[in-house]
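Let's take a walk through this one together. Have your viewer open and follow along.

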Amino acid sequence: LADGVPIQFPPFSFSASRWRRDLVRWSPTHLFAAPSEMDQVTRDFEQQQQHFPSSLQLIILGSAPVTRPVLERLVTRVFESTAIRGVYGLTEMLPVAMVYGRAKIRTPATGDLLGQLLPAIQARCGPDGELLLSGPHMSPGYLGQPPTDWVATGDIVSLDGRTLTLLSRKKDMIIRGNY
């Protein structure tokens with residue numbers, strides 16, 4: 001924004017067909033979306049027998065798990081030149097890891113590949129396999145609590161070097177609609 005790059009924000013209420021029409025109309029180069037929204041938009045492109053615009057260089061998916069079925073459907077509607085990235089993070093620390101969409105599709109399914117930790121991120125697993133994170137852009141703590149150096153994610157993971165794979169959840173999440 002500070003460099004004057006034009007940004008288009010969709011209306012607050014979500015409509016897959018409106019997103020599809022707007023993408024065709026504006027021919028953006030970059031797009032960020034929640035996977036559930038992107039899946040609905042992709043299905044709308046399928047129903048219209050259309051592809052995402054060729055101007056689209058990068059799609060970033062985040063705010064929820066980026067699942068293999070969403071990616072498999074998406075790659076059939078984008079051009080090979082369109083890069084797809086899944087971003088893993090949490091409210092207390094975002095971003096944490098990134099995965100290349102096409103690579104995730106090709107990776108054998110033993111859990112949910114979250115990708116490579118970003119350079120400044122420190123990660124370790126607790127005794128029960130819960131992912132613990134630290135880094136320069138981590139929240140200093142919770143209101144009314146003392147500051148902390150590590151945040152417990154609630155995610156049970158496999159940590160292979162700097163590659164994260166989600167295996168399960170330690171605690172429940174509240175999902176309302178697609179969020």
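This is a predicted model: local features need pLDDT of at least 70, side-chain atom pairs count only at pLDDT 80 or more; totals for chains, interfaces and linings use all residues.

Back up into the helix itself. α1 covers residues 16-26, and its buried residues are A16, W19, R20, D22 and L23. Looking down the axis of α1, you'll find these buried residues within an arc of 170°, so they line one face of the helix. And what sits over them? The cover on the buried residues of α1 includes strand β1 (30-33) and helix α2 (35-47).

Now for the empty space. Rolling a probe the size of a water molecule over the atoms shows where such space is left. The second largest pocket comes to about 780 Å³. Its lining counts 26 residues, and Q8, F9, P10, L31 and F32 are the closest to its centre. We meet α1 and β1 again here: along with β2 (58-61), each supplies at least two residues of that lining. By class, the lining of this pocket splits into 19 nonpolar, five polar and two charged residues.

What about enclosed space? The structure has one cavity of 30 Å³ or more, and the largest cavity holds about 40 Å³. Around the largest cavity you'll find E92, M138, S139, G141, Y142, T148 and V151. That lining has three nonpolar, three polar and one charged residues.

Next, hop over to helix α3 (residues 68-75), where R73 sits. Which side chain does the side chain of R73 make a polar contact with? The partner is the side chain of D39, at 2.6 Å. Setting aside neighbours within four places in sequence, R73 is in contact with D39, T42, R43 and E46.

A few backbone details are worth checking by eye. Q49 isn't a glycine, yet its phi is positive, about 55°. You'll find Q49 in the loop between α2 and β2. Is Q49 buried or exposed? Q49 is exposed, with a relative accessible area of 69%. S63, in the loop between β2 and α3, is another non-glycine residue with a positive phi, near 80°. S63 is exposed, with a relative accessible area of 69%.

One last stop: the peptide bond joining L94 and P95 is cis, with omega about -5°. P95 belongs to strand β4 (residues 93-100).

How values were computed. Residues are numbered from 1 along each chain as its sequence is written. Side-chain values use heavy atoms; hydrogens and water are left out. Buried means under 20% relative accessible area, exposed over 50%, partly exposed in between (1.4 Å probe, protein chains only). Helices (H or I, at least four residues) and strands (E, at least two) are DSSP runs, numbered from the N terminus. The arc is that of the directions from the helix axis to the C-beta atoms. Contact means heavy atoms within 4.5 Å. On a 1 Å grid over the protein atoms alone, a cavity is a set of points where a 1.4 Å probe fits but cannot get out, and a pocket is an open set with protein on both sides within 12 Å along at least five of seven lines; lining residues have an atom within 4 Å of a point. Grid points are joined across faces, edges and corners, and a volume is the space filled by probe spheres set on the points. Ala, Val, Leu, Ile, Met, Phe, Trp, Tyr, Cys and Pro count as nonpolar, Asp, Glu, Lys and Arg as charged, and the others, Gly among them, as polar. A polar contact is a pair of N or O atoms within 3.5 Å; within protein, one must be able to donate a hydrogen and the other to accept it, and residues adjacent in sequence count only if both atoms are side-chain atoms.
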